[in-house]
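Thank you all for making time this morning.

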Amino acid sequence: MSLGEIWAILRRRWYFMVPFTVLSLIGGGYLWVTVPVSYESHSSVALLDSSAVARLAPTFGNPISNAGGSLIVTADVLIRTLESADAAKELHGRGVTDPYTAGFAPASDSPLVVLTVTGTDREKVLKETSTLTEFAGEQLDALQAAAKVPPAYAVQTAPVVLPQTPVAQSKSRYQGVAAVVILGVVSAFLLSILMEGVSVVRRRYKAASRPKKARAPGRNRAGMLGRRVDATAILTVYLVLAFFIPSNLALPALGGVGTPANVFALLGLMWYLATWLGGRILPAPGTRLVRVALCVLGLAVLAAYISNALRESSHEEVLGADRGLIGFLVWVSLVVLTSAAMQERSRLDVLMRRVVVMASVVAAIGFYDFFAATNIADSIHIPGLQTSVAQVSVMDRGAFTRPRATTAQPLEFAGMLAILLPFAVQQALDPVRRHRHALRRWGPVILMAGALPLSVSRTSIVGLLLVALVMVPRWKPTRRWAAIGVLTASVAVFKVLIPGLIGTITGLFASFLSNSDSSTQARTVKYSAIVPYLKEHPLFGRGFGTFTPDLYFFTDNQYMLGLAEMGLLGLIALLTLFITGIHQGGAIRRLARTEADRELGQAFFASALVALVISATFDSLSFPMFAGMFFLTLGAGASYLGFVRRETAAATVPGPRRAPKTELAPPVERPRPAELPRPVESR
């Protein structure tokens, strides 16, 4: 269905579009006027060692230099005290009636406590922040007095950041207005398309009972609106937005899931619904399995959303759960567009080729970031978008800069390239593209495979090894030994061109095996820290999208994060998704009738297996670019499997039976009538 046809439907169903749109605009304006602007003020308090301890460090001459060590425990006790019900009651008596929070300063290893007050009265918020700051010092003194700490060894509080001038927080107003307007417009759109579909069915039913009349051939409308749109065109626009707009830039009203690529994917889902309800397209046969697996994940997401609504969750967690639902709809749109909406295999081949080409461009940007020791994404600023990831900066490991290109984090960069590398290899070996120049075929492979070690992470090396272990053994001996030689030579080239890189990477694995790596130890500690949250909601979790680092901590493990947010049901749903991708790749290889299709199936198998394994090394689906590419390839695997099944079924259908040829006996020569003997006349 073209954009012009959709526009014509909306004009015909104006009695849905106009009232709903006007009502949504009125509702959004009402919220904007009636909902007051909230203001936020904060202050920071540092805990200082006692004067007796401070004298032990005369070199600094400043007691604040000793803010560290065991005082973190003291700060944690103070934070819990300030957030208790008794403290809230005492503060309410002192005039602090607006919501307040107390917590550690972000990205700080010292006992710095941040106090925040949020309210609708600017002057009152500032006064309440000052009261809360004084109250924190009083509570610390009361705690130490109750513990009978000698005055010489008493810990003190010192304001590091005085109560700040309250700043307007308009994000919640934007989100409320955007939600009302989007809900009204989308409802009008779906009702219009649904009524159009009903009318189409009625017209077809009536036309079937009438004699058909010859109709003059219609003229195709010229222009952009009259051009036919398919899933490949829509997904190509999504890929451009996903790859070349930094994934940390998003619309303020939608948070981290509001990237331009995700918003466009939701528009693509609306296009598919319009085309499907209008009777212009049917889901491709043989592709249902991946959508069933996605429904299992959807049940886990909805159950977790209800679980979050039933418990006493904070406002930030409620917003996180809403963002989780939006993110899940984005995944649904990608799977539906790549599996159900793909009607031609040639168009799917074009899409996968574009994926590889654009990913290789991102890999080339990663090369620039590595050698220039910078992040090119930091220089990209788009009006209307703001970063959704706090403190995105250049990350180093050893003496090397870890590139992230247009992704939000080096691990996302490595994971995204690792799951797309098998398709670059498959396309380079595809006999259909053998006539292409070698650089055009192998350039993406060199860029993507070469950029993986530059991320200086165990995730990239594990992904690269998995791709090699899955794909290389399936090749013929000649190609297999050539690949092993190329891999060995590549290690030598990296060792010569980038001295120290191979040593740094091997050191990462050596420290991991010896359990002396700081990052590994930090993750192990987080595994034990997440257990209490699992015990609270073991089956359905705390809510999909609610376990954010701002409120809790980084898990660095997608399965642990899934357990915390969606419980055991969510973990089963995640494993079902990954296993579905692996199954699709194996099924394509098993049913394929050509060697090219067998290698394509092995590429899908390798990609899904890499996603399964490396998701244990970082919270993979929390990053929009990695998640988008994973679900796109998951749906593409289902679509290819459907094409292969139909081709196999068409090849095995027996043709019409022919009557067996029976050998006839040679004809007997009979004498002609003229040659018959004449009767003898009697005389």
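This is a predicted model: local features need pLDDT of at least 70, side-chain atom pairs count only at pLDDT 80 or more; totals for chains, interfaces and linings use all residues.

Let me start with D597, which, once the neighbours within four places in sequence are set aside, is in contact with R345, I588, A592, V644 and E647.

On the side of helix 20 the meeting residues are L577, F578, G581, Q584, A587, I588 and L591, while helix 22 brings F630, F631, L634, G637, A638, Y640, L641, V644, R645 and T648. Sorted by class, the contact of helix 20 with helix 22 has 12 nonpolar, four polar and one charged residues. Two of the names in this contact, I588 in helix 20 and V644 in helix 22, are also among the residues that D597 touches.

How do helix 12 and helix 13 pack, and at what angle? Helix 12, residues 345–372, and helix 13, residues 410–429, have their axes 9 Å apart and pack at an angle of about 130 degrees, and the two are therefore oblique to each other. Helix 12 passes helix 13 in a left-handed crossing. The contact is made by M352, R353, V355, V356, A359, V362, A363 and G366 of helix 12, together with F413, M416, L417, L420, F423, A424 and Q427 of helix 13, and by class these residues divide into 12 nonpolar, two polar and one charged.

The largest has 123 residues, and F243, L297, L420 and F631 are the ones that touch the most other members. Leaving out residues up to four places away in sequence, F243 touches V355, M358, A359, V362, T406, M416, L420, M625 and M629. There is also a second, separate core of 20 residues, which includes A87, A102, V117 and V155.

V117 of that second core is also one of the residues in contact with T129, along with S41, H42, S43 and P163, again setting aside neighbours within four places in sequence. T129 lies in helix 6, residues 122–146, and T129 is buried, with a relative accessible area of 0%. Its C-alpha is 7.4 Å from that of L115, although T129 and L115 are 14 residues apart in sequence.

For a contrasting case, consider F264 in helix 9, residues 260–277, which is partly exposed, with a relative accessible area of 23%. Beyond its neighbours within four places in sequence, F264 is in contact with I234, V237, Y238 and L241.

Let me finish with the chain as a whole, which comes to 22 helices and nine strands. Buried residues make up 45% of its 683 residues, and among contacts between residues at least 6 apart in sequence, 78% join residues at least 24 apart.

Methods:
Residues are numbered from 1 along each chain as its sequence is written. Side-chain values use heavy atoms; hydrogens and water are left out. A nonpolar core is a set of buried Ala, Val, Leu, Ile, Met, Phe, Trp, Tyr and Cys residues joined through side-chain atoms within 4.5 Å. Buried means under 20% relative accessible area, exposed over 50%, partly exposed in between (1.4 Å probe, protein chains only). Contact means heavy atoms within 4.5 Å. Helices (H or I, at least four residues) and strands (E, at least two) are DSSP runs, numbered from the N terminus. Ala, Val, Leu, Ile, Met, Phe, Trp, Tyr, Cys and Pro count as nonpolar, Asp, Glu, Lys and Arg as charged, and the others, Gly among them, as polar. Axes are lines fitted to C-alpha atoms, for helices over the stretch in contact, and angles run from 0 to 180 degrees between N-to-C directions. Angles under 35 degrees count as roughly parallel, over 145 as roughly antiparallel, 65 to 115 as roughly perpendicular and the rest as oblique. A crossing is left-handed if the near helix is turned anticlockwise from the far one by less than a right angle, and right-handed if clockwise.
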